[in-house]
Amino acid sequence: MRYLLGKVGLLLLTLWAAVTLNFLLPRLMPGSPADAAIAKLAQNGPVSPSTRAAIEAQLGVPTGSAWDQYLQYLNNVVRFDFGVSYTFFPQSVASLVGTALPWTLVLVGFVTIVAFVCGTLLGVLAAWKRGTWLDTLPTVGGTFASAFPYFWTALLLLFFLGYVAGWFPTSGAYGSAATPEFTGTFLLDALYHSILPATTILITSLGGWILGMRSTMINTLGDDYVTFAEANGLHPGTVAIRYAARNAILPNLTSFGLALGGVVGGSLLVERVFSYPGVGYLLYTAVVNQDFPLMQALFLIITISVLLANFIVDILYGILDPRTRR
Amino acid sequence: MTPTGTTRPATSAVKTISRGHHDAGANPLRVILRAFLTIWSVPKARIGVALLGVFVLLAVFAPVLAPYGATDNSFDRSEDMSAAHWLGTTAAGQDVLSQIIYGARVSVFVGFVAGLLSTIIAVLIGLSWGYLRGLAGDVINFIVNLFLVIPALPLMIVIAAYLQNGGIGMIVLVVVITGWAWGARVLRSQTQSLRSRDFVTAAVFSGESPARIVFREILPNMTSLIVGSFFGASTAAILAEAGLEFLGLGDSTTVSWGTMLFWAQNSNALLTGQWVLLFAPGLCISLLATSMSLINFGVDGLSNPRLREGAQR
Amino acid sequence: MNVNKQSAGSSDGSLLVAADNGSPTFEKNFNPFSTSKRVATTYMYEPLEVTNTLDGKATPFLATGNTLPDARTVVYDIRKNVTWSDGEAFTPADVAFTFNLVKATPALDTWGVWQHIESLEVVGDTVVFHLQADDVPAASIIDQQLIVPEHIWKDVKDPVTWKNEKPVSTGPFVLDTFTANQYTLKKNQDYWQADKVAVERLVLPAANSQLDVVKNGYDWAYAFMTDVEGTWVAADKQHNKYWFPPGGTVTLSPNLTKAPYNDVNFRQGLSLALDRDKIAKDAEQGYVEAAGQSGLLLPNQEAWLNPDLPERGAVVQNETAALAAFAKAGYTRQGDKLVDASGTQLSINILTANGYTDWLQGLQTVQSQLGKVGIDVKLSQPQPAAYTEALSKGDFDMAMNSFGGTGSVFQDMNTLLNSQFATPIGTGTTGNYGRFNDPKVDALLGQLKASTDEADQKAISAQLQTVLYEQLPVISLFYGGLWGLSSDKNFTNWPSEDNAYAPPNTWNSTPLLILTNLKKAS
Amino acid sequence: MSLVSVQGLSVVYEPNGAEPVPAVKAVSFDLDQGDFVGLVGESGSGKSTLGFALTGLSRPPARVCAGSIIFDGVDIAGLTPSQLRVQRHGGFAMVLQSGMNALNPVRSIRNHFFDIFAAHGHVAGRDREARAAELVGKVELPASVLDRFSGELSGGMRQRVSIALALSLEPRLMVFDEPTTALDVLVQHAVMDTIRELQKAERFTAVLISHDLGMVLEVTERVMVMHDGLIVEDATAAEILAAPRHPYTRMLLSHYGDPRAAVVEVPGLASRGTERATNVAQAVAGGAPVVEPVVEPVEPVVEPVETTPTVRRREGRAAREAIVVSGVSKVYPRHSRRDQPVTAVNDVSFTLEPGASMALVGASGSGKSTIAKLITGVEHPTSGTITFGDLRIDTIRRRQLKRLHTEVQMVFQDPYAALNPLHTVEYALTRPVLNYSSLRGRDARRRVLELLETVGLTPVEQFAARLPHQLSGGQRQRVVIARALASDPQVIVADEPVSMLDVSLRAGVLALLDSLRETWGVSMLYITHDLLSARLVTDQIMVLNQGSVVEEGRTATVLQNPQDDYTIRLLDAIPAPRSSAPRNPS
Ligand SMILES: Nc1ncnc2c1ncn2[C@@H]1O[C@H](COP(=O)(O)OP(=O)(O)OP(=O)(O)O)[C@@H](O)[C@H]1O
Ligand SMILES: Nc1ncnc2c1ncn2[C@@H]1O[C@H](COP(=O)(O)OP(=O)(O)OP(=O)(O)O)[C@@H](O)[C@H]1O
Ligand SMILES: [Mg+2]
Ligand SMILES: [Mg+2]
């Protein structure tokens, strides 16, 4: 219980720091939202001078001292009120985030878990069959794949599988005419659209898990309880999984939590390449358009998700490792 | 948590250290040579060192090696591969091969400088954090955890948007800001374990000042970790630079592999069938990053003999 | 599987258009006053008249025409027998309501109509606008205001944030289906000129990557495409066409409040040092022409061109002349550097926006050309918002910027040259970013504004062109293109060089011209 | 036919990129059913390697390169891994050297047993629980341990569990690799008793690997002595005691003594009888006045001590301040959520007189090191005062620590850990000289060389340039001692200074410490759990139990005539090969 309370306290403190950082960063940027809106319109040709006045009137300008703004901001954050997006005016930030979040959550969440599970299994296998091709293949492959830039993998897949071969759609999360709903057709459609982005994230993040698991696993294989288990004539499978892997996975779990941030970041690039309607793409749009409210909300959401995931991983760690239970 | 009275791990750890640093005297050149040889002795790392060497040579001798100037756009646009342009030309009429060669400069530079800076910060913070107790330690602990948990790329994007148009310097800064925490954490835990080592206590008895203990007693024992975290940070920096440039958040006029990808995407290289425009810079980024990971295998071996192939117990 | 494909090349009268890009998906916003409205809102709502921005000719829509009894009054004859898409009749009262709504809510006044109108009244089937001053060009602004139905909008609480999800309009199309990835419009069967509308259904997907555009057989797209022949045209040689008419002039705008940019000789030097053809070619891959110094979009506005300008206003690169001009400004060539009296190299910083890649490529050429003369050119490229801010506050040495393209010579010149916009450095402005200030020019602009006689207007415009040519308040580089791609597989009679009845852009009201001109392919 | 027959067995380690190390060199021996054989030898002599080979556990980089091991008529080298696995039931089992870590920290003890039962199928499902309980019962543990995880058990309990697990295989050959090294003396004793009982009851063949000849001689019938990969002696315990043949065995034996004996003699150390002439008196007689402060440098005390080379004259002063510890307690706050605060030291008072040598003994965890930390200012006591002259050590600040350390120095337990592997001997010694004296440059160097000479590391120039890994353990410990002397301290605290050293090295270091103290007149607090060495080098003794002093007095008196129960139990735990010798008259 104390363990839990301590973790929750740390979580809250980290949250507060993230929220505050989040308040500060966009405020340091030059350019007002109206400038951003005009700049966006200007890409379609010259903007008439009168437009500016109208836009400024629409968006309003933040008022009050920085401290008041900060308090107001904290107050709003607590109520999940992030205001109105500048770019998508008059759309509320909350609704924008609301539509984008599920896509990223499902895509990143699902793929990350799959990558973690596969990578871990491959890492166990590689360590167990050290020196054989079962080791070399995943290790070398993993080393290479983890060095691929996310967006590059995405572009190559997009080109070869999406464009040249035409097997997969090249953009979006579901067919153009489909409406998000819980029907078999739609889910299939969404699944079909997610194959390329998912594969990208999978390929690019798999290597890290493989290598990480392999090296901790090799370490545990040298541990005395593994030798002792072998000396006792346990089934090799039992030794590999219940003794070596079961212990090796613990330190990996922590890095899993921390690596999540990387995957989320990577998904941002992937979403950009595949025009996937997730928070990553939205964040990119927000940054390019200097959309403070949207940017703040998204950055916060991303941070909170990663924080929460880490928190869950921590708790999970506590459950899996009897030593921390005391 | 660990059983009391287990003196074995302690001794074996000491052996580990001495194995990694035979004859590592005070002469830093010899230390470096030693480290290099240790890394070189691992086949994977050897490949990495060779690969990295190629890229460094490319970067250093780019003006000599490149057939044309990096920004020379006097050629026909979007040419296919030919004898004159081995990898074709870009949509702006630049020679792709020359750009690749010049691009190595940015990646190698960013990798090196950002890796070095974040390693220095990681060392300073990691060591003082590991050595200090009490409130200061707690505060640093909190800050590092914060930086560890906050997803780096979104943070980078937000910071990059703020520090706009700083070019490579900005990218280095952003990468350093978001990249030092991991190394600091690793070094901290190593410092903590070294701090409780007898030879550190012995140094206190020898009347050494805390700074001297940290930098003369503890630091040299972490060479392998520091080298490892340098290569890790470099890899991350190279990938981050490419990512930011690709998103157009850097300076698109510099010639780097990231901007090449940005321009390739911008001019729809895929549509014109010039997949080389995408493939070549991306492959270079991957290979450079791979070379660092490969070298890290050697560094791992240096810090943990168990990871050496074949050794099981 | 892919809806785009199904609709593409269909014979059911659908038109697939890459007009509206989701980011990456669509938000439902059909408020015609909103700056982030869905693009096709302007295909549903009509203004009084639609001006072809290429040549400034107006086509009547909800008005049948206008007259100017004097330079301070515009009278619009409002079209009869028009109904709103919900069946209600359209009346002049709707027009008056719309303008009054905009007046009551300045945030809606994106066209700035109330900077010109003093008051308005409905007189029978006409609406009479009383202007604040002699202001002939005001009509071209009043023309553009989209008219909304009073019976719907009078109950709208906050017209600024209202998203108008069920648009009721008079235009050729009404909203059919809407999803976050794509929406469709269907033909308004009761449209007052329904016989002219051949398109039964418009399909607007949210994702229109260039890959998609080429691959999925779009009928109409607005996109700058690298190697358009090898990509778009190659995808369907028989039908796919492109037309990239000039839609504005991209210029280098020196900050005229700063030395040495305030020295006309210096600007001459810069201008003469540039090879605009090469710049145009590098920036837009040869799809646009270099711009002359007349300030006009040629050939669109050929009729307005001052015949006395040498070379039709074009400036030819001439290094000797450039160096001579620089010498007059106090910069001499020393070795391969252009240095000032104290011997330091001339260094200029050019502002552009991050992500405007075509400009950037043009600028890189500018950089190397000026470099050849001996000038050290630095580029700074902040994000668009910061760029806009710097521009508006005059915080730059030279900035890349574009002007013109409204179709009205007065509008173009006024925004560029009127000293009313030349606010002090540090305060924001919305035009004339270089802070050009010449009372004579202001006077000319005033005359042009008040003149109802076309010959008169041309004469004044010619003088303004001379000012631009000689004083170089901005250094024109090349024309910003309008990147129209079209396929005549399903529909023909797209605007083209020979038939320039409308610009090919997909936003604003000009698409109404296109949509009422297309013919079904046989 | 014998159960195990080893012929010409050689094992070599072939690490990647390094020279192969031959660890076991052509050894041959037979073991019969029911034998209880000891395998002794110093660290690194190849005992564990042989044990692993015997039980078919050699793994890369170790490789059996020659010879055969016939177990029950089968050459185990010829077995496939799966055959070998099957062999493990009813065949051979091993209890690992680090038995403390031999349990999977995330599996309950019950599951450990069930895994084995499942792997060999020799216990039916419903009997498993009962069988597991029976097995832990055999090693004198309650059945409730089955529910626990290894982290919740003490070292002794863990070691017992691993023995029970090995037993569950019903082996005919059992190899115990140093089953008690990491354990407390008392626990060690108890575990050894259990093993002995079990071996008697179950009649399996047992090999007991240990470096503790005393213990092996006490419990086994036959002893094999290993040295440098060879078995140099293989005889019954009695034979070895009576007539050791190999010089190495003789050396080992000569270092055993019973601290309870009237006179204890170990080669290299002066014999200490009951009424050993007080060293303090000797020191005084030698010309180093202890009680009175020294005003000027005294004349050199050149005391010829057989074991140590020339002891240089003492340039500083002899001890003149006492460390006075009164009513000191140290409570460590709760470490983790569930722990109770630990009272490591409880109301301890004593005075370490100038020039005195005092032993602090007690089982593991009794608070010995904590007291060392308290009097060296590394930790502050929770209550009580510690003074050294006018210095209040109990509240000392960081800045004053340096002043304290000029007078009070420490000799560390583990010479392998106490020297920074990256610094030369000279560096290690120069630092305190520079920090504590005004000597600089060549003077400082001369002082360093002097120190090396003092601890007998000659030729000094050569040793000065060496790195720690180029020194043997004993040499390292001498460097550590030299470093402690560098500041010319009045008090030396030696926290188990020889427990990490081999028997062969121990005596030398102890002798050095002893002679230094005598010659230099410093006071010494000698911390150990090894009563024999306490007997050898100290005059006073203090016995600690759970943080409290339970008995104190003259060393010889206390050890020969213990009053406190705890002291008696400690003494009982000492293996007594000589006294057990008559057990096996042959
Ligand atoms: N993995 C290894 N690689 C190389 N050499 C090794 C390895 N393990 C052990 N050795 C060497 O083999 C020799 C015998 O080692 P072994 O562990 O059998 O000694 P031991 O008698 O059990 O010693 P201890 O009493 O310290 O346990 C030693 O010289 C040791 O250095
Ligand atoms: N830093 C600490 N925090 C909490 N408890 C501690 C700490 N250091 C020691 N202890 C506890 O204090 C008690 C005494 O420890 P100490 O190290 O003094 O024992 P010791 O007699 O030296 O034992 P050993 O013979 O094993 O070295 C032990 O129960 C130990 O767990
Ligand atoms: Mg051993
Ligand atoms: Mg201790």
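**Ligand sites and a chain contact**

Guide: In this predicted model, a backbone N or O atom of D:Gly365 sits 2.7 Å from an oxygen atom of ligand 2. Residues are numbered from 1 along each chain as its sequence is written, while chains are lettered from A and ligands numbered from 1 in the order in which they are written. The model is predicted, and local features need pLDDT of at least 70, side-chain atom pairs count only at pLDDT 80 or more, and totals for chains, interfaces and linings use all residues; side-chain values use heavy atoms, with hydrogens and water left out.

Visitor: Which elements supply the shell around ligand 2?

Guide: Strand E14 (342-352) and helix H11 (368-375) of chain D each bring at least two residues (DSSP runs numbered from the N terminus: helices are H or I with at least four residues, strands E with at least two). H11(D) gives the most, with 3 residues. The residues around ligand 2 include D:Tyr332, D:Val342 and D:Lys368.

Visitor: Why is the site of ligand 1 called shared?

Guide: Residues from chains B and D surround ligand 1, so the site is shared between chains. There are 16 residues around ligand 1, and among those that come nearest are D:Ser43, D:Gly44 and D:Gln97 (near means a heavy atom within 4 Å).

Visitor: How do you know that D:Thr49 makes a polar contact with ligand 1?

Guide: An N or O atom in the D:Thr49 side chain is 2.4 Å from an oxygen atom of ligand 1, so the pair falls within 3.5 Å. A polar backbone atom of D:Lys47 is 2.8 Å from an oxygen atom of ligand 1, and a polar side-chain atom of D:Glu178 lies 3.2 Å from one.

Visitor: What makes D:Asp115 and A:Arg242 a salt bridge?

Guide: The rule asks for a side-chain nitrogen of Lys or Arg within 4 Å of a carboxyl oxygen of Asp or Glu. Here the closest N and O atoms are 3.4 Å apart, so the pair passes. The count between chain D and chain A is 1 salt bridge, alongside 9 residue pairs in polar contact, both at pLDDT 80 or more. On the side of chain D that touches chain A, strand E6 (92-95), helix H3 (109-120) and helix H5 (155-167) give two or more residues each; H3(D) gives the most, with 7 residues.

Visitor: How many residues does each chain bring to the contact?

Guide: Chain D brings 33 residues and chain A 26 residues (contact means heavy atoms within 4.5 Å).

Terms used
A polar contact is a pair of N or O atoms within 3.5 Å; within protein, one must be able to donate a hydrogen and the other to accept it, and residues adjacent in sequence count only if both atoms are side-chain atoms.
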